[in-house]
Structure formats: structure tokens, C-alpha cells
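Thanks for coming. Please have a look at it first.

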Amino acid sequence: MMNENMTLGDPLLICRQVKKQYKDFSLDCSLTLKKGTVTGLIGKNGAGKTTIFKAILGIIHTDGGQMLWEGKEVPYLDMKSRFSVGVVLSDSGFSGYLTPSDVSAIMEAMYPTFDKKDFAEKCSRFSIPFNKKIKDFSTGMKAKLKVLTALSHKTKLLILDEPTSGLDVIARDEILQLLREYMENEEHSILISSHISSDLEGLCDEIYMIDNGNVILHEDTDVLLDEYGILKITAKEYEAMDKKYILSIKEEAFGYRCLTNQKAFYQDNYPSLTIEKGSIDELILMMVSGKRIA
């Protein structure tokens, strides 16, 4: 049960410097998931997104750090906690020889909170054949089934790793609609990664960006879209301007592309500059491939 004193916006899950060391990769990640909030995790392939998901779920052992679930310190989300967590990982799925009816029976045996009737109704609503083998499903049907299963046992947190990857626009929209309906309950939270920036921009309340195992940026999505921007400037313009709100810079044929978190400052003080609206794709490009300014 949610702590009676917790309210909308209070932390549900806190990760503090959660560490995992591999031969050629090191994770050291801190993030907070708040009640009633959709949190996006972005970064290039290999940045550490799936690793932090697996660390939270106890699929991999960590090498340090602290994790708090509803205010109580835990090494990872144990089985009891996981009754409250729905999970979709990009590299996992059901045996192709099962049917959704088989999945329903398995979930009913595993989760005391599994809602068999609701699961069947949602399968019908989203045209998932209940007695057809999963191996004969389309990519979109398999993805929808994974999300429906994650939603089926009265979860308070969804952890979703690339849930819309490889889907056509119709299947993606259906999954996003499911997630919006889920968030109508203000006690619910979502942690989601996606390479499709429009999905995150339309769904997430806040964004964490991870690179080489470290969080390099955390921002409200509205702030990111409204206040961040890309300056396209010549070398002469760059030398002459105030650089205190420049986050990263990338050299181009015409001069420089600069990422700023104070677009209005440059619009007001340098009206002749070319300033483009920021996006999640631009953010990843500039923060990873550009030169970050300390």
C-alpha cells in the first residue's frame, strides 16, 4: 500500500548513485520517480538505460548505491514490491508457443492482484486473439500484449524499455493511449525509455538523459521544449556573444551549433541570431556528440 502520508509528486522510487561495473562499462546513476509522474530516460544505445532498469528490478546485482521504495531502503525491488510494478523490457517476451489465454493463467498464478477479466477485455479491445499462439502475432500485437500484461495486476509503477520500438504509427498510438489512461490515476507512475522522441515529448513530465552510465541532464519536459534551443551562429558571432547559458557546442560548416537552456535570453539580447526550438533528438545529439561546456 502507498504510504498514507504520500501525496502527488512525492517520491515513489529513489535511486542514489546506483553502481554497476562491467569490464568496459560503468554505471553510476541517480534518479527519482515521483507519484503521478511520467519520467523519460533518454540516451544513445549503450548509455546505460537498460542497465538501470535491470538494477532496479534486481535482474543484475549492483556494486553500490542506495535505493528507496516508498521511503524504505531496499537493495532492489523484491518480489512483494514487484507485485506493484509492471515491466516491459526490450529484450524479453513470452514464448511464441503460448497464447494470451496461457499468459492469463500464468499471471493469475504469479500475481494475487492479477485482474483476469480486465486482461481479457483489453485483449478484445485491442484485437489480440486470445487463443492464438504468440509466434503468429504481428510485431504490433506482440508489443501490445506485453504492455497489457504489465498493466494487468494493479500496478502503481510501470517500467517500460522501448515499448513502441519498431511499431507502425497506429500500434504506437494505441500503446500511448493505454499509458495515458493508466496515468489518469494520480497514484500511478511510469519510467519509460524510447528512441521515438515524439512519444516522450507528448507523454513525459520530466526527462533524464544518461550517457556512459551517468545522468548528464534532468529537466521538466515543458521546460526543455519551451526554454531550450539551438543557436546557429558564425564563429564571429560566437566570439562576440555572452556564453553563460551555453550547455554544449558543435562545430559545423557554417560555424557552430550551440545548445542553450535560456533561449529567451539570446532572443532578447541577440535578435539577429538564428535560434531554433529545441527537441529531445537535438538534445541527445548536442549533449552526446557536441562539446559540453562546464
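Which residues have the most contacts inside the largest nonpolar core? They are Ile42, Ile128, Leu158, Leu179, Ile190, Ile192 and Leu283, and that core has 48 residues. Apart from it lies another core, this one of 28 residues, with Ile52, Met67, Trp69 and Leu157 among them.

Before going further, a word on confidence. What you see is a predicted model. The pLDDT averages 90 over the chain, and 97% of the residues score at least 70. Residues 1-6 are below 50, although that stretch does have 13 contacts in the model beyond near neighbours in sequence.

Take Ile42, which is in strand β3, residues 38-42. Is isoleucine 42 buried or exposed? Its relative accessibility is 0%, and the cut-off for buried is under 20%, so isoleucine 42 counts as buried. What is isoleucine 42 in contact with, leaving aside neighbours within four places in sequence? The list is Lys49, Leu200, Ile207, Tyr208, Met209, Ile210, Ile280, Leu283 and Ile284. Leu283 was also named among the residues with the most contacts in the core. As for chain distance, isoleucine 42 and glutamate 282 are 240 residues apart in sequence, and 12 Å separates their C-alpha atoms.

The second residue is leucine 179. Not counting residues up to four places away in sequence, leucine 179 touches Val147, Leu158, Leu160, Ile190, Ile192 and Leu203. Of these, Leu158, Ile190 and Ile192 are on the core list I began with.

Next, a helix. In α3, residues 100-110, the buried residues include Pro100, Val103, Ser104 and Met107. Viewed down the axis of α3, its buried residues fall within an arc of 105°, so they line one face of the helix. What covers the buried residues of α3? The cover includes α4, residues 116-125, and α5, residues 139-150.

Last, a sheet. In what order do the 5 strands of the open sheet run? The order is β14-β11-β13-β12-β15, and the pairing is antiparallel. At the edges are β14 (274-277) and β15 (291-292), each pairing on one side only. Next to β14 in that order is β11, residues 229-233, and these two strands form an antiparallel pair over 4 bridges. Within this pair, leucine 231 stands opposite isoleucine 275 of β14.

That is the tour. I will take questions now.

Technical notes:
Residues are numbered from 1 along each chain as its sequence is written. This is a predicted model: local features need pLDDT of at least 70, side-chain atom pairs count only at pLDDT 80 or more; totals for chains, interfaces and linings use all residues. Side-chain values use heavy atoms; hydrogens and water are left out. pLDDT is the predictor's confidence in each residue, from 0 to 100. Contact means heavy atoms within 4.5 Å. A nonpolar core is a set of buried Ala, Val, Leu, Ile, Met, Phe, Trp, Tyr and Cys residues joined through side-chain atoms within 4.5 Å. Buried means under 20% relative accessible area, exposed over 50%, partly exposed in between (1.4 Å probe, protein chains only). Two strands pair if DSSP finds at least two bridges between them. The arc is that of the directions from the helix axis to the C-beta atoms.
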